[in-house]
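Student: I would like to go through the labels used for this structure and check each one against its definition. Can we begin once it is on screen?

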Amino acid sequence: MKTSIVLFTRDLRLHDHPALRAATQQSDQVVPAFVFDERLIEGRPGTPNRLSFLLESLRDLDRSLRERSSALVTRRGDVVEELIRLARDCGADRVFMSEDVSGYAQDRSRRLLRACDAADVALRTFEGVTVVPPGELTPQSGDHYRVFTPYWRAWRAAGKRDPLAAPRNVRSPGRLRAGRLPRLSDLTRGAAAGDLPKGGETAGRERLTRWLRNGSRRYAELADDLPADATSHLSAYLHFGCLSANEVLARIDRHGGLEDFARQLCWRDFHHQVMAARPDIARSDYRKGRRRWTSPRGRLDAWKEGRTGYPIVDAGMRQLAEHGFLPNRARLIVASFLTKSLGIDWRPGAIRFERFLDDGDLANNVGNWQWVAGTGNDTRPNRVLNPIRQAHRFDPDGAYVRRLVPELAKIEGQAIHQPWKLDPEVRAGLDYPEPLVEPPG
């Protein structure tokens, strides 16, 4: 009797899961497994929002598996040691898993391959994290695309695989300890934000369906409108693989009229193919020597706390800290302010995002931060997003700022974006700081 393990990582779903499909078709018994890797838990002690979403996603995955005569087997420790031990316990001779791109993921695959070879277990890897696998599209001049626009053209023209249905049944060995899912307090300090979206494939598919039915029609018009909050809110589901990016693209293409959203999925793939080729960019400049950074001198803390004196920036940083989410336009504004207006290195900013975002995808986070900072893949590295112009354009009536910076809520109209220009008596009554720097030209 052939028994296989499916190692779930950033693919916490049953629909459109190539590794799971192959395992169920080629095996008599399948053991769905997830390992809480101590290397990640100890390395990221302050990420309660993301870990809370992860735990809820795993609970949903376990429920879906139990509906199909199986259960999610969980272990905690070194992922390689735990997987080989599990293979020995259940008599598995093959491991199926999705490929990933980070330096950690690439190292995990190399270690697993060596350990599986030594244990006479076959390791098979599959696509499943991106729409187009990293490395499948390459320019004539190198191993990966360094500029987005030619990648977008190649990506849009590339053939895409048909999404796979979820398996109707997952037969698992009857006598195998499933383990238990830990509590959030077992994994990290602190509490998660109270209004995080519900994690898991079930919630993700429901949100996608609702958005396609009710919210997607004006996506191109409102995606950057900060008060409208009209983005899809699918990013955390894509990061954890509760939704397949490949299936999302197929569904929006059938829906029609969402080319701007398809472009965002392509940006996600673009950053993943860059990181697959250059995993060192998680902490190193992609293009070295472009920037010299200043000493923060307390300004970094003011930026983190939403006390820069620029209301649009402070609103974004408070939304990040309080809600674990930030729309893309706000991410660009606060990142440009830190790196271009304050001259502070992008790395502390990326770490701040990683700590609070429920969708803290490493490739996207680092890729976008380096793009804004001018050290990455932007063809205009000196681009500056003026926070005042951005505020007038994307929060014209100040509704976004009023919602998140209550000490300014009574200021009427666009004056809210430049409170230092108010009448001195009015200004004196505000518990709000002076601007850290002059606005960029």
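Student: In which helix do Trp267 and Phe270 lie, and how many residues apart are they?

Tutor: The model is a predicted one. Both Trp267 and Phe270 belong to helix α12, residues 259-277. They are 3 residues apart, about one turn of the helix.

Student: What makes Trp267 and Phe270 an aromatic pair, and why is the pair called edge-to-face?

Tutor: Rings pair if their centres lie within 6.5 Å, and the centres of Trp267 and Phe270 are 5.6 Å apart. Planes over 60 degrees apart count as edge-to-face; here the angle between the planes is 85 degrees. The structure holds 19 aromatic pairs.

Student: How do you know that β1 and β4 pair?

Tutor: At least two bridges are needed for two strands to pair. Strand β1 (residues 3-7) and strand β4 (residues 94-98) have 4 bridges, in the parallel sense, so they count as paired. Within β1 and β4, Ile5 stands opposite Val95.

Student: What is the strand order of the sheet, and why are β3 and β5 placed at the edges?

Tutor: The order is β3-β2-β1-β4-β5, an open sheet of 5 strands with parallel pairing. β3 (73-77) and β5 (122-126) each have a single partner strand, so one side of each lacks a neighbour in the sheet. On average, neighbouring strands of this sheet are turned by 30 degrees against each other, direction ignored.

Student: Which helix lies across β1, β2, β3 and β4, and at what angle to β1 does it run?

Tutor: That is helix α4 (residues 79-90), running at about 155 degrees to β1.

Student: How many cavities of 30 Å³ or more does the structure hold, and what lines the largest?

Tutor: There are 2 cavities of 30 Å³ or more. The largest has a volume of about 40 Å³, and its lining includes Ser336, Lys340, Trp371 and Val372. Helices α15 (328-341) and α17 (362-373) each supply at least two of its lining residues.

Student: Which residues line the second largest cavity?

Tutor: Among them are Asp224, Asp225, Asp229 and Pro327. By class, this lining has 4 nonpolar, 1 polar and 3 charged residues.

Technical notes:
Residues are numbered from 1 along each chain as its sequence is written. This is a predicted model: local features need pLDDT of at least 70, side-chain atom pairs count only at pLDDT 80 or more; totals for chains, interfaces and linings use all residues. Side-chain values use heavy atoms; hydrogens and water are left out. Axes are lines fitted to C-alpha atoms, for helices over the stretch in contact, and angles run from 0 to 180 degrees between N-to-C directions. Contact means heavy atoms within 4.5 Å. On a 1 Å grid over the protein atoms alone, a cavity is a set of points where a 1.4 Å probe fits but cannot get out, and a pocket is an open set with protein on both sides within 12 Å along at least five of seven lines; lining residues have an atom within 4 Å of a point. Grid points are joined across faces, edges and corners, and a volume is the space filled by probe spheres set on the points. Ala, Val, Leu, Ile, Met, Phe, Trp, Tyr, Cys and Pro count as nonpolar, Asp, Glu, Lys and Arg as charged, and the others, Gly among them, as polar. Rings of Phe, Tyr and Trp (its six-membered ring) pair if their centres lie within 6.5 Å; planes under 30 degrees apart count as stacked, over 60 as edge-to-face and the rest as tilted.
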